[in-house]
Every structure is written in C-alpha cells, then in structure tokens.
Amino acid sequence: MSTNEKSERLIEAAAAILDAAPDRRLNAVVLNKALFYLDLASLRDRGETVTHNPYIALQNGPVVAKYEQRLIRSLESQGIAKQISEWDGSKPILLKSCPEHFQFVDADTLILVSKVTSHFASTTSRQASDYSHENPGWEMAWNEFHRTGKHVSINMRIALQQIIEDDPWMDLPLLNDDELLAAADAAQGDEW
C-alpha cells in the first residue's frame, strides 16, 4: 500500500472521529487512542485495519507513528482540523471542515467510528492512557522500548486480544475421560 493511501486513510479516519465527537474536538492523546481502537475494532470485525498505519508505544499509550507529522500537521495542512491551545495547557484538535466524501471510510466503518468515539469522547487523556496500558500489544512494544531503547510497531494481532470477548465455554470445567466418553456415547454436542 502506498504512503499516500495510508496518509489519506489516516486523515479520513481522524476526520470521521472528530466529526463524531462532541463539539467536534478531541485532544491528541484521546484522538490517538480512538484511532488505535478503531483500527483494532476493524481488524476484529473486518479482518483489516482502517488506516493501515503503524502504532508505537509511548508512555501515554499507543500513538500513530510520527503522529505529529502524519496526523496533526496533515490535518492542519489540508484545512481539515487545527490544534489549538487553551488556558489550561491542553491542546485539543478541532475539526474545521469534514471532507464531504470519504474514499476509505464506508458506512460500516462509520458505525465503528461512532462506537469508538462515544467510548473515548467522555474520557480524559489519563483515563484513555490507563485503558490503553491494559493492552497486551502496547505492553510488549513498551517493554521492548525499555529493553532496547528503540520504538517498534505494536503487533495489532496481539493488541486485538484486549477487545476480543471471552468465550464462556473456556470457563467450564474440563471433562474427565469417563465423562468425555459418556458424552460421546450419548451423542451430546453438535455435529461437525
């Protein structure tokens, strides 16, 4: 996939998230978490991420690699959003003009955008970071950074474990051999 397409995908996803947020604004930490979890939800539900961008582990959690350049500056240079400074030191990103047409964000993706944004829009940066620190993909990449001093991309398949629902049958006690044979003889269970 070309760098241009990855950039367009990222900007479209960010614009859609900002458009779904209250007051059409999120701070950079929360926007990065919303993008990360949008990509995870898409990977879970559709088999591929929306943005196709790599994420790295920083102390505040997963962020798009080179997010200041690839995300914030790109949003600003295209006139889609602007990062503003507020009296309390926060620097939210405010949507100025949502693209009229999305090439990579379809109706199904907008449903995921709505769900992810509604979850993160009411969180603080600290809450969003704390939640993302529970992600096994972030933990592995963060540990690797501490071990080597180099940022590595978060393995999205490992990160996916955080949002996969538990299977209730995994909590059932195992059958012993006699119970297993009795169940098989009684034809319990579903046909393959």
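I take buried to mean under 20% relative accessible area, exposed over 50%, and partly exposed in between, with a 1.4 Å probe and protein chains only.

**Ground rules**

I am reading a predicted model, so local features need pLDDT of at least 70 and side-chain atom pairs count only at pLDDT 80 or more, while totals for chains, interfaces and linings use all residues. Residues are numbered from 1 along each chain as its sequence is written, and side-chain values use heavy atoms, with hydrogens and water left out.

**Entry 1: the whole chain**

I counted elements as DSSP runs numbered from the N terminus: helices are H or I with at least four residues, strands are E with at least two. The chain has eight helices and five strands. Along the sequence I read the pattern α-β-α-β-β-α-β-β-α-α-α-α-α. Of its 192 residues, 39% count as buried. For contacts I use heavy atoms within 4.5 Å. Among contacts between residues at least 6 apart in sequence, 67% join residues at least 24 apart.

**Entry 2: back to Thr-109**

I found Thr-109 in helix α4, residues 107–120. Which side chains make polar contacts with Thr-109? I accept a pair of N or O atoms within 3.5 Å; within protein, one must be able to donate a hydrogen and the other to accept it, and residues adjacent in sequence count only if both atoms are side-chain atoms. The side chain of Asp-106 makes another, at 2.8 Å. Setting aside neighbours within four places in sequence, I have Thr-109 in contact with Leu-38, Arg-46 and Val-50.

**Entry 3: the sheet**

I looked for strand pairs, where DSSP must find at least two bridges between two strands. Three strands form an open sheet in the order β1-β5-β4, with antiparallel pairing. β1 (25–27) and β4 (81–83) stand at the edges with a single partner strand each, so one side of each has no neighbour in the sheet. The twist from one strand to the next averages 20°. β4 pairs with β5 (residues 92–95) over three bridges in the antiparallel sense, and Ala-81 has Leu-95 of β5 as its bridge partner.

Then I checked which helices lie across these strands. For the angles, axes are lines fitted to C-alpha atoms, for helices over the stretch in contact, and values run from 0 to 180 degrees between N-to-C directions. Helix α1 (residues 3–20) lies across β1, β4 and β5 and runs at about 90° to β5. Helix α3 (residues 67–77) lies across β4 and β5, at about 120° to β4.

**Entry 4: helix α6**

Helix α6 spans residues 136–148, and its 13 residues reach 18 Å from first C-alpha to last, close to the 18 Å expected at 1.5 Å a residue; the expected span is 1.5 Å times one less than the number of residues. At its start, a side-chain oxygen of Asn-135 comes within 2.8 Å of the backbone nitrogen of Gly-137. Just after the helix, Gly-149 has a positive phi of about 80°.

Which residues of α6 are buried? I list Gly-137, Trp-138, Ala-141 and Trp-142. They cover an arc of only 125° around the axis, which puts them on the same side of α6; the arc is that of the directions from the helix axis to the C-beta atoms. The cover over these buried residues includes β2 (55–58), β3 (61–64), α5 (125–132) and α7 (156–159). On the face turned away from the buried side I see the exposed residues His-146 and Arg-147.

Asn-143 also lies in α6 and, at 48% relative accessibility, counts as partly exposed. I put Asn-143 and Ala-57 at 9.0 Å, C-alpha to C-alpha, although 86 residues separate them in sequence.

**Entry 5: helix α5**

In α5, I find Ala-128, Ser-129 and Ser-132 buried. Their arc is only 100° around the axis, which puts them on the same side of α5. Their cover includes α2 (28–46), β3, α4 and α6.

**Entry 6: two positive phi values**

His-52, in the loop between α2 and β2, has a phi near 60°, positive in a residue other than glycine. At 22% relative accessibility, His-52 is partly exposed. Lys-66 sits in the loop between β3 and α3, with a positive phi near 55°. At 56% relative accessibility, Lys-66 counts as exposed.
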